[in-house]
Amino acid sequence: MRFKSTLENYLFVLPAVTIFSIFYVIPFFWVFRYGLYEWDGIMPTMTFIGMGNFKEIFFQDRIWWYSLWNATYITIIALTLQNALAFLLAWACDRDIRMKNFYRLIFFIPPVLSEVVVGLVWQWILDGHYGLLNGWLIKLGFPNLVNNWLSDPRTALSCVAIVHCWKGFGWGFLIFLAGLQTIPRELYEAARVDGANAWHSFRNITIPLMIPVAVLVGILTVLGTMQAFVLIIAMTGGGPAYHTQVPVLRILASMRGSSRFGYACAQGISFGLILVVISFIQYRFSKKARQV
Amino acid sequence: MKNALYYRTKKVTLNLIIHLFLLTVAVTCIFPLLWMVSSSLKTQETIFKDTSLLPKEFHFENYYLAWQEGGFDRYFLNSLMYTTLVVIGIVVVSSLAAYAFSRFKFPGRNILFFMFMAAMMIPIPGSFVPLYVLLNKLHLRNTALGYILCMINVGLSTSIFLLKTFFDKMPKELEDAARIDGCNKLGIWWNVALPLAKPVLAVVVVFNALNVWNEYILALVIFDSKPLMPLQVALMTFQGEFVTRYPLLMAGLTITALPIIIIYILMQKYIVKGVTAGAVVG
């Protein structure tokens with residue numbers, strides 16, 4: 001009876017565990033295994049080369065490092081611009097103002113759209129020949145600013161970063177707003193009774209209480225932005241030359257472009273480790289920030 | 001008196017500035033989408049010259065052309081099918097597991113649950129590489145089943161977490177009553193637990209539906225044959241083949257984005273819940 005009952009319990013988790021083992025656990029370990037081989041993904045022959053792939057990534061693959069820098073650049077812009085905007089908007093919407101729900105509805109539209117849709121629409125707006133942005137620049141009397149935004153190496157990456165922020169800020173906005181709404185109103189009232197002005201309340205109540213939320217948003221922004229790539233595929237495809245390449249695009253290129261599955265897996269491991277280290281540092285940093 | 005007036009003017013001005021700021025951002029959010037719809041109603045000739053948001057003539061035939069010629073009818077149905085089947089799969093599989101994690105005691109329970117939670121936190125960039133190999137070996141690559149199973153797996157961890165948290169807080173009395181009436185475990189799960197979990201199931205359904213509808217990379221890697229492609233991949237393929245057919249492309253984009261926007265507006269509450277809950281997990 002007891003045994004039958006336990007067996008029944010296992011039957012409940014069996015489908016989930018089976019799917020998870022096959023489609024998550026096995027691929028997870030395979031990444032580490034294939035990373036040690038030179039393999040085209042199809043032929044039965046796999047050549048064991050030990051750390052060869054990793055050596056190549058670290059010492060020879062300059063595009064890989066360049067792609068890492070590009071992702072870092074986009075991430076820095078997202079961390080500052082996108083999150084500052086998200087926080088400002090959340091702060092503005094947390095006050096007793098009208099149309100709060102309307103704003104909240106609108107701000108979260110870009111995040112629910114797919115990266116492909118967003119990327120292709122913005123590519124059309126930024127188009128060098130017929131794009132809307134250039135059209136406006138001419139109309140407004142700045143014809144010398146007209147540019148081939150997405151195929152000019154100087155502007156392509158920044159354009160991608162800004163569109164990424166456009167798509168992402170609504171998400172940070174929601175989390176900041178949820179955080180702001182957990183701050184008890186009594187705190188602000190008590191502060192006002194004690195003679196604090198708006199700036200004092202903001203500085204001494206809002207900011208300290210929002211630090212944990214800000215750290216959370218920060219960690220998720222870094223993890224999300226470093227791995228973002230579909231938007232880039234849709235906007236520039238990684239070009240011009242390698243100016244908008246990011247690590248996941250390089251992994252995709254190693255796999256589909258040059259059929260080097262082992263190398264792609266090694267790139268995945270290297271990048272995954274970097275992400276784990278970054279989030280660990282941020283986590284430690286947040287613990288310290290909370291103690292202060 | 002003057003003092004009161006001063007404070008009121010100050011408050012009104014401040015609110016005005018804030019509204020101006022919020023409205024500007026709101027317009028920035030909406031405008032690209034309006035531009036997308038507007039472009040989809042122009043013709044191949046006018047689209048490059050006419051920069052007005054409201055075209056002089058509405059060319060709805062672009063939608064017909066995209067639907068027929070661009071093959072978006074097929075891709076739309078594909079996306080719809082994948083989304084429906086994956087969401088049904090996730091709901092069944094994850095609610096069974098979450099219910100067991102919340103209510104039953106069995107050896108290995110905590111380890112298994114921890115495994116699902118860990119999967120949410122460990123990033124595997126480029127996991128599509130080993131998945132491709134795996135599906136190849138299972139002869140599931142370039143099949144709908146392979147894609148559906150992969151996508152069910154993608155949604156499992158978050159869904160199990162959401163449902164388990166809900167079941168943990170749910171009172172057990174009704175289930176006890178059902179058990180005394182002779183209902184077995186599966187019957188209790190189906191007849192008692194699931195109906196009570198409707199609010200959180202709505203979050204799981206909407207959240208995963210958005211995810212699957214918008215998914216691109218796995219579909220790109222898994223499908224070779226066009227008739228199996230979902231919308232997102234088809235859009236990129238279309239853009240690659242007909243670089244300058246912007247009106248049709250914009251019609252395709254509108255067809256892809258519209259269901260999402262409608263679902264979002266109808267189910268906003270559940271999406272917001274899913275996002276904030278998802279963030280707390282991370």
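Q: What should I know about the model and its numbering before I start?
A: The model is predicted: local features need pLDDT of at least 70, side-chain atom pairs count only at pLDDT 80 or more, and totals for chains, interfaces and linings use all residues. Residues are numbered from 1 along each chain as its sequence is written, while chains are lettered from A and ligands numbered from 1 in the order in which they are written.

Q: How many helices and strands does chain A have, and how many does chain B have?
A: Start with the definition. Helices (H or I, at least four residues) and strands (E, at least two) are DSSP runs, numbered from the N terminus. Chain A has 13 helices and 2 strands. Chain B has 13 helices and 0 strands.

Q: How do I judge whether a chain is spread out or a compact globule?
A: Compare its radius of gyration, taken over C-alpha atoms, with the globule rule, which is 2.2 Å times the number of residues to the power 0.38. For chain A, with 13 helices and 2 strands, the radius is 24 Å, well over the 19 Å that the rule gives for 292 residues, so chain A is more spread out than a compact globule. The C-alpha trace of chain A spans about 80 × 75 × 35 Å along its principal axes.

Q: How do I read contacts along the sequence?
A: Two residues are in contact if their C-beta atoms, placed from the backbone, lie within 7 Å. Take the contacts in chain A between residues at least 6 apart in sequence: 71% join residues at least 24 apart. For chain B, residues 24 or more positions apart account for 75% of the contacts with a separation of 6 or more.

Q: Which residues have the most contacts inside the largest nonpolar core?
A: A nonpolar core is a set of buried Ala, Val, Leu, Ile, Met, Phe, Trp, Tyr and Cys residues joined through C-beta atoms within 7 Å. The largest has 166 residues, and Val160(A), Phe173(A), Ala97(B) and Met151(B) have the most contacts inside it. Helix H8 (residues 156–181) of chain A gives the largest share, 15 residues. Leaving aside neighbours within four places in sequence, Val160(A) is in contact with residues including Ile74(A), Leu231(A) and Met235(A).

Q: Which helix of chain B gives the most to the side that touches chain A?
A: Begin with the counts. 67 residues of chain B are in contact with 65 residues of chain A. Helix H1 (residues 2–40) of chain B gives the most to its side, with 13 residues. For classes, Ala, Val, Leu, Ile, Met, Phe, Trp, Tyr, Cys and Pro count as nonpolar, Asp, Glu, Lys and Arg as charged, and the others, Gly among them, as polar. By class, this side of chain B has 51 nonpolar, 15 polar and 1 charged residues.

Q: How far apart are the centres of the two domains of chain B?
A: Domain bounds come from an automatic or database domain assignment. Here they give domain 1 (2–60) and domain 2 (62–281). Their centres, taken over C-alpha atoms, are 34 Å apart. 11 residues of domain 1 are in contact with 9 residues of domain 2.

Q: Where should I look for backbone exceptions?
A: Most residues other than glycine have a negative phi, and most peptide bonds are trans. The peptide bond from Gly239(A) to Pro240(A) is cis, with omega near -5°. Pro240(A) is in the loop between helix H11 (230–235) and helix H12 (247–257) of chain A. Met99(A) has a positive phi of about 60° and is partly exposed, with 14 C-beta neighbours inside 10 Å. His139(B) has a positive phi near 55° and is exposed, with 9 other C-beta atoms within 10 Å.

Terms used: A residue is buried if 20 or more other C-beta atoms lie within 10 Å of its own, exposed if 12 or fewer, and partly exposed in between; C-beta atoms are placed from the backbone.
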